Amino acid sequence: MLTDLRMPGMTGLELQAALAARHIEVTLVVLTAHGDVSTARAALKNGAFDFLEKPVDDAQLVEVLRNALRADRERRASSTSRSAADARLARLTAREREILALLAAGHLNREIATQLEISPRTVEVHKARIMEKLECHSLRS
């Protein structure tokens, strides 16, 4: 999103704050003829991708917008990937989460079985279900 610092009704910084308050994630580029260091710092500190002063060179503006779009695509892809992983993790039962945590900590099946007072075979069954629900072929990194 490209916004000006001074707009009728709402400033660019107010728009940025309103979007953040509504948890709307957008890559924001601020453009202004009335910038100063403290305003630029505030915009960037609150997540603006870039802060440009007018007059701005057309090629520079296009380059900044291309970079902002690329960064936004990467952020969305990462967010989608995280959401999918969270959804798979949500499928696990409490016991499966417990076993996954112990596996992630490097414990062997026999150690987990002893600690949880279940059989090693039960750990293997849970491990197979974990792998199925997480849609992975291995629990190793």
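## Before you start

You're looking at a predicted model, where local features need pLDDT of at least 70, side-chain atom pairs count only at pLDDT 80 or more, and totals for chains, interfaces and linings use all residues. Residues are numbered from 1 along each chain as its sequence is written, and side-chain values use heavy atoms, with hydrogens and water left out.

## The overall layout

The chain has six helices and three strands. Here, helices (H or I, at least four residues) and strands (E, at least two) are DSSP runs, numbered from the N terminus. Read from that end, the order is β-α-β-α-β-α-α-α-α.

How does the radius of gyration of the chain compare with that of a compact globule of 141 residues? The chain has 24 Å, while the globule would be near 14 Å. The radius is taken over C-alpha atoms, and the globule rule is 2.2 Å times the number of residues to the power 0.38. Along the principal axes, the C-alpha atoms fill a box of roughly 70 × 30 × 20 Å.

## Surface and charge

Of the 141 residues, 28% count as buried. Buried means under 20% relative accessible area, exposed means over 50%, and partly exposed is in between (1.4 Å probe, protein chains only). The accessible surface of the chain is about 9,600 Å², and carbon and sulfur atoms account for 53% of that. These areas come from the Shrake-Rupley method with a 1.4 Å probe, and for residues only the protein chains shown count as cover.

As for charge, there are 21 positive and 19 negative side chains, and the centres of the two sets lie 6 Å apart. Lys and Arg count as positive and Asp and Glu as negative, with His and the chain ends not counted. Each charge is placed at NZ of Lys, CZ of Arg, CG of Asp or CD of Glu.

## The nonpolar core

In soluble globular proteins, nonpolar side chains tend to be buried together. A nonpolar core is a set of buried Ala, Val, Leu, Ile, Met, Phe, Trp, Tyr and Cys residues joined through side-chain atoms within 4.5 Å. The largest one here has 11 residues, including L92, I99, L116, V123 and I130. Helices α4 (94–104), α5 (109–116) and α6 (120–134) each supply at least two of its residues, and α4 gives the most, with four.

Take a closer look at I130. Leaving aside neighbours within four places in sequence, I130 is in contact (heavy atoms within 4.5 Å) with L92, E96, I99, L100 and L139.

R82 sits in helix α3 (residues 58–90), and R82 counts as partly exposed because its relative accessibility is 47%.

A21 belongs to helix α1 (residues 12–21). Is A21 buried or exposed? A21 is exposed, because its relative accessible area is 59%. From A21 to L61 the C-alpha distance is 27 Å, and the two are 40 residues apart in sequence.

Most residues other than glycine have a negative phi, and most peptide bonds are trans. Now for some exceptions. The peptide bond from K54 to P55 is cis, with omega near -5°, and P55 lies in the loop between β3 (50–53) and α3.

H23 isn't a glycine, yet its phi is positive, at about 60°. You'll find H23 in the loop between α1 and β2 (29–32), and H23 is exposed because its relative accessibility is 70%. E135, also not a glycine, has a positive phi of about 55° and is found in the segment after α6.
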